[in-house]
Amino acid sequence: AAAEHLSYLTVINLSENNIGDEGMKSLGAAAEHLSNLSYIDLSHNNIGDEGMKSLGAAAEHLSNLSEINLSHNNIGDEGMKSLGAAAEHLSNLRVIILSSNNIG
C-alpha cells in the first residue's frame with residue numbers, strides 16, 4: 001500500500017546503497033507505481049545480470065524514464081540483453097550511463 005505514494009516521484013537516487021540483484025527485484029515490484037519517474041541513479045550498487053532482468057521486466061511501467069545511471073555495477077552481456085529487450089518500452093530514454101561494468 002505504501003508504494004502507491006511513489007507515483008509522484010520523478011527522480012530517485014539510490015546510488016552507493018549496495019542494493020544488488022535482490023534490491024532490483026524489489027524495485028521492479030514497485031515499478032508499477034513509478035510511472036512518472038524520469039531519472040534514476042542506480043550506480044555503485046553491485047547490480048548484476050539478474051538485477052537487469054528485473055529492470056527489464058519492469059520497463060513497461062517506466063515509459064517516462066529519460067535517464068538512467070547504471071555505472072559501477074556488475075552488469076555483463078546478459079544484463080545488456082535484458083536492457084535491450086526492454087528498450088521498446090523505454091521510448092523516452094535519452095541517456096544511459098554504463099561505465100565501469102563487465103560488458104563485452
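Q: Which residues in helix 3 do Asp49, Met52, Lys53 and Gly56 in helix 2 meet?
A: Keep in mind that this is a predicted model. On the helix 2 side, the residues in the contact are Asp49, Met52, Lys53 and Gly56. Sorted by class, the contact of the two helices has 3 nonpolar, 3 polar and 4 charged residues. The partners in helix 3 are Asp77, Glu78, Gly79, Ser82, Leu83 and Ala86.

Q: How is helix 2 oriented relative to helix 3: roughly parallel or roughly antiparallel?
A: Let's look at the axes of helix 2 (residues 49–58) and helix 3 (residues 77–86), which come within 8 Å of each other. They cross at roughly 5°. Angles under 35 degrees count as roughly parallel, so helix 2 and helix 3 are roughly parallel.

Q: Is Asn101 buried or exposed?
A: You'll find Asn101 in the segment after strand 4 (95–97). Leaving out residues up to four places away in sequence, Asn101 touches Leu70, Ser71, His72, Asn73, Asn74 and Ile75. Its relative accessibility is 16%, and the cut-off for buried is under 20%, so Asn101 counts as buried.

Q: At what distance does the side chain of Asn101 reach the backbone nitrogen of Ile75?
A: The side chain of Asn101 has a polar atom 3.5 Å from the backbone nitrogen of Asn74. For the backbone nitrogen of Ile75, the distance from the Asn101 side chain is 3.0 Å.

Q: Is Glu16 buried or exposed?
A: Glu16 sits in the loop between strand 1 (11–13) and helix 1 (20–30). Its relative accessible area is 60%. Since exposed means over 50%, Glu16 is exposed.

Definitions and conventions:
Residues numbered from 1 in each chain as written. Predicted model: local features only at pLDDT ≥ 70, side-chain atom pairs only at ≥ 80, totals over all residues. Heavy atoms only, no water. Helix = DSSP H or I, 4+ residues; strand = E, 2+ residues; numbered from the N terminus. Buried < 20%, exposed > 50% of the residue type's maximum accessible area, 1.4 Å probe, protein only. Axes fitted to C-alpha atoms, helices over the stretch in contact; angles between N-to-C directions. Parallel < 35°, antiparallel > 145°, perpendicular 65-115°, else oblique. Contact = heavy atoms within 4.5 Å. Nonpolar A, V, L, I, M, F, W, Y, C, P; charged D, E, K, R; others polar. Polar contact = N/O pair within 3.5 Å; in protein donor to acceptor, adjacent residues only side chain to side chain.
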